Amino acid sequence: MAQNKEDLIMKRAMQVFAKYAPKYFGHGGKVKSIAHTEDLIMTLNDMRMDFVFLMEDDTYIHFEFQTTNKGIKDLVRFNIYDLLLFQKTGKPIKTYVVYSSDIKNPKSEYTYGGGNTYKVTPICMADKNAISVLEHIENKLKKGEPLTDIEQMDLVFAPIMGGGLTKEDVLSKALTMTMEYDVQKEEEIQAMLYTFALKFLDEGQMDKIKELVKMSPLGKMLIAEGREAGLAEGLAEGLLEKAVEVAKTLFKKGMDFEFVQEITGLSSEQLKEIQAQ
């Protein structure tokens, strides 16, 4: 099932920053492991939980990433996920719903079945100010101070924050910082920001982003390999060979299947063959 680019980036960020991701969204406690939702048999009418952490206190933290707000309809779906997970594991679950797309004040609970109430903790990225976040990050980098994992997550998620800047301005500023300063997880962060750009920007704006990143490792890999030449619609043989090389490189760097597919435009069958090599 095809996924929204924002979902894809959110899930990748949760993997890259797994140790600190719950803290970033306001949950205390330490992560024990990532709970792979496919192993939890969380499928019902082709539905699946977005991301789950098993914490050291033997509880689950469940994250859902939303670009739309369907109110109670969404809450019912999340409740089903939690009930199935509890039925399978018997472990307590706390659910956070992370909203982007300028969504504010979403519904956080509903009552069903004669008085039972289901509650989630909503997190609206539009409530964070991208201007102040980026200023803080740039000030640290100018001083040569390393970014914390929380600050690196802020850098990734800046394009879906509020604050008044355009998506193009936020993406340009964030990408520029990853190239001008020593930023940990540089290639991972650039790849996630570039995917945000693919979602939010038009062709003319993307030309500026490509020009900006062309000398970075990401730019050399994506642009020189012909990512924007129609990989998803049908590639010439030479470009296909280059896309395969890009996919191999991304897999070696630990990128997950869906992320590699989004970046290269290759089919599931092609990527499975590459993984099997």
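Analyst: Glu151 has a relative accessible area of 10%, which is under the 20% limit, so Glu151 counts as buried. The model is a predicted one. Glu151 is located in helix 5. What does Glu151 touch, not counting residues up to four places away in sequence? The list is His136, Ile137, Lys140 and Pro146.

Helix 5, residues 149-157, also contains Asp149. With a relative accessible area of 18%, Asp149 is buried. A salt bridge joins Asp149 to Lys185, and their closest N and O atoms are 3.4 Å apart. The partner, Lys185, sits in the loop between helix 6 (167-180) and helix 7, so this pair links distant parts of the chain, 36 residues apart. Lys185 is partly exposed, at a relative accessible area of 33%.

The salt bridge of Asp149 and Lys185 belongs to a set of ten in the structure. Side chains of opposite charge can pair when their charged atoms come close. Another of these bridges is formed by Glu188 and Arg12, with 2.7 Å between the closest N and O atoms. Because Glu188 belongs to helix 7 and Arg12 to helix 1 (residues 5-16), this bridge ties together parts that are 176 residues apart in sequence. Are these two residues buried or exposed? Both Glu188 and Arg12 are buried.

The two helices joined by that bridge also pack against each other. Two packed helices are described by the angle between their axes and the distance between the axes. For helix 1 and helix 7 the angle is about 170°, and the axes are 9 Å apart. Angles over 145 degrees count as roughly antiparallel, so helix 1 is described that way relative to helix 7. On the side of helix 1, the contact is made by Lys5, Glu6, Ile9, Arg12, Ala13 and Val16. Helix 7 contributes Glu188, Met192, Thr195, Phe196, Leu198, Lys199 and Phe200. Seven residues of this contact are nonpolar, one is polar and five are charged.

A further salt bridge is formed by Asp58 and Lys91, with the closest N and O atoms 2.9 Å apart. Asp58 is in the loop between strand 2 (51-55) and strand 3 (60-66), while Lys91 is in the loop between helix 3 (72-89) and strand 4 (93-99), so the bridge ties together parts 33 residues apart in sequence. Asp58 is partly exposed, with a relative accessible area of 36%, whereas Lys91 is buried at 18%.

The nonpolar residues come next. In soluble globular proteins, nonpolar side chains tend to be buried together. The largest nonpolar core here has 64 residues, and those with the most contacts inside it are Phe25, Phe53, Phe63, Met125, Leu155 and Phe157. Helix 7 supplies the largest share of this core, eight residues from the run 186-200. Apart from this core lies another one of 16 residues, including Val52, Phe78, Val97 and Tyr99. Which residues are in contact with Phe63, leaving aside its neighbours within four places in sequence? They are Met14, Pro22, Phe25, Asp50, Phe51, Phe53, Tyr96 and Val98.

Ile131, in helix 4 (residues 130-142), is partly exposed at 30% relative accessibility. Beyond its neighbours within four places in sequence, Ile131 is in contact with Gly163 and Leu165.

Methods
Residues are numbered from 1 along each chain as its sequence is written. This is a predicted model: local features need pLDDT of at least 70, side-chain atom pairs count only at pLDDT 80 or more; totals for chains, interfaces and linings use all residues. Side-chain values use heavy atoms; hydrogens and water are left out. A nonpolar core is a set of buried Ala, Val, Leu, Ile, Met, Phe, Trp, Tyr and Cys residues joined through side-chain atoms within 4.5 Å. Buried means under 20% relative accessible area, exposed over 50%, partly exposed in between (1.4 Å probe, protein chains only). Helices (H or I, at least four residues) and strands (E, at least two) are DSSP runs, numbered from the N terminus. Contact means heavy atoms within 4.5 Å. A salt bridge is a side-chain nitrogen of Lys or Arg within 4 Å of a carboxyl oxygen of Asp or Glu. Axes are lines fitted to C-alpha atoms, for helices over the stretch in contact, and angles run from 0 to 180 degrees between N-to-C directions. Angles under 35 degrees count as roughly parallel, over 145 as roughly antiparallel, 65 to 115 as roughly perpendicular and the rest as oblique. Ala, Val, Leu, Ile, Met, Phe, Trp, Tyr, Cys and Pro count as nonpolar, Asp, Glu, Lys and Arg as charged, and the others, Gly among them, as polar.
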